[in-house]
Amino acid sequence: MEYIDNLPPMDLMRSEKMTFVQLIIPVESAHRAISYLGQLGLLQFRDLNADKSPFQRTFVNQVKRCAEMSRKLRFFKDQIHKAGLLPSPRPASQPDLELEELEVQLGEHEHELIEMNSNGEKLRQTYNELLEFKMVLQKASDFLVSSSSNATVQEREMDENIYSNNNYADTASLLEQEMQPEPSNQSGVRFISGMICKSKVLTFERMLFRATRGNMFFNQATADDQIMDPLSNEMVEKTVFVVFFSGEQARTKILKICDAFGANCYPVPEDIGKRSQITREVLSRLSELETTLDAGLRHRDKALTSIGFHLAKWMNMVRREKAVYDTLNMLNFDVTKKCLVGEGWCPIFAKPKIQDALQRATFDSNSQVGIIFHVMDALESPPTYFRTNYFTSAFQEIVDAYGVAKYQEANPAVYTIVTFPFLFAVMFGDWGHGICLLLGALVLLARERKLSSQKLGSFMEMLFGGRYVLLLMSLFSIYCGLIYNEFFSVPFHIFGSSAYKCRDTSCSDARTVGLVKYQDPYPFGVDPSWRGSRTELPFLNSLKMKMSILLGVAQMNLGIMLSYFNARFFSSSLDIKYQFVPQVIFLNSLFGYLSLLIIVKWCTGSQADLYHVMIYMFLSPFEDLRDNRLFWGQSVLQVILLLCAVVAVPWMLFPKPFILKRQHTERFQGRTYGLLGTSEMNVDEEPDSARIHHEDFNFSEVFVHQMIHSIEFVLGAVSNTASYLRLWALSLAHSELSTVFYEKVLLLAWGYDNIIIRLVGLAVFAFATAFILLMMETLSAFLHALRLHWVEFQNKFYHGDGYKFRPFSFASLTEDDD
């Protein structure tokens, strides 16, 4: 035990030792001190004003100013994006600005941009109106010319067919009434011309028809040019219309409908000379406005480009300033002493760095009073902090997704780095598919520098974050694929020739009678001759099922061993004696014994039925094993192991709650004493800087909790072992699915002497391999490996009820913090 205690601490095995500290900062150096701590990123502040609303805090005005500047910067960014410009990736060199100077600059830029946008919208609106007016003049002129050319023909038709009808005045159309020789309508036929969105034309025409009861004539034509909407900057298709009607009341109705549909009406004179003169004036003004608009856009783009050079730097500066004031609002403001008081957690190794940063802040702010930094005791548990890198961070995230480790608890991520990709590979094992995954991982690693600086989508960001997980999964898949001897489900003689051969030269009975062994076993992995044999499936089923049980029992024993190291680290002898020991005995008396039988059966080649052995170990423990006997003394050993498993259950359940009750009673009666902690405790000896806080003891609650834990372990030992059989099931499913695609798609297509059928078969095989075997099967195996780690492995020792160390750091600020 001394040897274990003297081992050097393993990195990542335990979270960093934390200490609780207090800062007393003079007001004149507070801002600079918090800024330096943000650059360092190793101190997590505790909110001392949690009972106050955001508007009751000291620096609320500064936070509002920063929020307003963030809004202006987002406005600039949107304007640059709408203009189709790209912000400069390299910010232009500019002397450092104070927050007040930046606020003034941003206000000036915003006012200038708003004014330019307003003028540009007015000019664009005027330009659109003139452009619409030009198109209305052209199309309306065509309508009016065509109407006059048809007047003679229509007049002749009315002379012949209409005047014989006495009710003509009630039934004649407007144009027919206008062309009568006799003035039947004193007001005459009038028209309104304009332009409307193309999508509204049908509804517009129907509404006009109903409002005038059919006493109108509607003519339309699609506009030659699209009109730009000044608000959305999108091109809109429009239609020119001319409505002929009679009467002032109809005119009022038509104008109201035009206004409701957003149609623009334009006056078109009937005289051809006036129309020509107006058209020339409109074209002249359009030319002038085009020149003005182009000049305005160039000036606006120039202003946005100059802003874009500094935009990234300004946004970063405002984001940092806002974060600093948000942090200052977490501190207590002492008016009488002119200082701010803050508390928080930091790793012990960071204390010298923090003290150095505070000294620099005092010196740079020319403060006469230094910043006081001292260690305190805390009642709550410290946060959990693991120092990770690019390689280990993804595996730590996998563990943290289940629950953050309790302070100084054994970290499963250390073992997950190896066991997670290995269990994935056991289910995915195919070295052809593994090579495909490896190529994908190598592409991500080769473009690591480029992709890390880009903003990726949610799926791509997750894939890039797990690039090293994908790398290890692919390498282990190649290894397991070599053991299974499967390359896209096809076996190869990689490590020599097969140990089996046919009974005769024709090999006609290879699939029915079988092969004969003629030399030593295949040196590595599964013999390729098993492929296609009549016993292939029973053999692989037996192999993978037994292998799954061995791997599961080994990983569960690892989890129980880690519970022992947790108990030793936290000096909990009760957990060792009444939890670890009975758990090891129970698990290995049953499933450890089963693993032993599997290994012995493999080594001896026995034909014993392990199902029969394990079932009758419970039903008839004293019955003679006969043909199922694997070694001498097996019956006696089974009885002993069964008794040990039965004894282990009450051993887990009863002693611990009663011993805890006795200890509580002795403590209450004053028979045991603990060392009184002081504020001058050595934090190296007490790394958590937290006093032991004895909560009220409730025996019934403790006993029920222990009973639930014991029942959960006993039932879980059975269910968890069975759960590891998913390794066998998914491995078999992946292999058989790959075989189906190879034999029923690729080989079947290759059997035809037709290049088109072969290409189609190859395309279907490639599609099935990429999207089903490489994507869906990868995701399936990943999720099952995740479940095995979260449930079957981690529940043996991992509490996961801690909370992450989240220091105040500028590096962790994102655009969402704006």
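Analyst: Helix α19 (residues 573-604) and helix α22 (residues 655-668) pack with their axes 10 Å apart, at an angle of about 155°. That angle makes α19 roughly antiparallel to α22. On the α19 side the contact is made by Leu 574, Asp 575, Tyr 578 and Gln 579, and on the α22 side by Pro 655, Lys 656, Ile 659, Leu 660 and Gln 663.

Axes are lines fitted to C-alpha atoms, for helices over the stretch in contact, and angles run from 0 to 180 degrees between N-to-C directions. Angles under 35 degrees count as roughly parallel, over 145 as roughly antiparallel, 65 to 115 as roughly perpendicular, and the rest as oblique. A contact means heavy atoms within 4.5 Å. Helices (H or I, at least four residues) and strands (E, at least two) are DSSP runs, numbered from the N terminus.

This is a predicted model, so local features need pLDDT of at least 70 and side-chain atom pairs count only at pLDDT 80 or more, while totals for chains, interfaces and linings use all residues. Residues are numbered from 1 along each chain as its sequence is written, and side-chain values use heavy atoms, with hydrogens and water left out.

Now for the wider setting. The protein has 25 helices and 13 strands. Of its 818 residues, 43% are buried, where buried means under 20% relative accessible area, exposed over 50%, and partly exposed in between (1.4 Å probe, protein chains only). Its accessible surface comes to about 45400 Å², and 58% of that belongs to carbon and sulfur atoms; areas come from the Shrake-Rupley method with a 1.4 Å probe, and for residues only the protein chains shown count as cover. Among contacts between residues at least 6 apart in sequence, 80% join residues at least 24 apart.

Helix α20 (residues 610-619) holds Tyr 616. Leaving out residues up to four places away in sequence, Tyr 616 touches Pro 621 and Glu 623. With 33% relative accessibility, Tyr 616 is partly exposed.

Next, the charged pairs. Side chains of opposite charge can pair when their charged atoms come close. Across the whole structure there are 20 salt bridges, each a side-chain nitrogen of Lys or Arg within 4 Å of a carboxyl oxygen of Asp or Glu. One of them joins Arg 46 to Glu 343, with the closest N and O atoms 2.4 Å apart. Arg 46 sits in strand β2 (residues 44-46) and Glu 343 in strand β10 (residues 339-347), so this pair ties together parts that are 297 residues apart in sequence. Arg 46 is partly exposed at 31% relative accessibility, whereas Glu 343 is buried at 13%. Glu 380 joins Arg 46 and Glu 343 in a network of salt bridges.

Another salt bridge runs between Glu 397 and Lys 804, whose closest N and O atoms are 3.4 Å apart. Because Glu 397 lies in helix α12 (residues 390-402) and Lys 804 in the segment after α25, the pair ties together parts 407 residues apart in sequence. Both ends are partly exposed, Glu 397 with a relative accessible area of 45% and Lys 804 with 26%.

On the nonpolar side, Trp 750, Ile 755, Ile 756, Leu 759, Val 760, Leu 762 and Val 764 form a surface patch with about 690 Å² of accessible area together. Patches are made of residues with over 30% relative accessible area and no salt bridge, joining nonpolar side chains (Val, Leu, Ile, Met, Phe, Trp, Tyr) within 5 Å and like charges within 9 Å. Helix α25 (residues 755-793) gives the most, with six residues, while Trp 750 belongs to helix α24 (residues 726-750). Trp 750 is partly exposed, at 44% relative accessible area.

Lastly, the backbone. Most residues other than glycine have a negative phi. Arg 213, however, has a positive phi of about 55°; this residue is found in the loop between α8 (201-211) and β4 (217-222) and is exposed at 75% relative accessibility. Asn 366 also has a positive phi, near 55°, and lies in the loop between α11 (351-364) and β11 (372-376). At 62% relative accessibility, Asn 366 is exposed.
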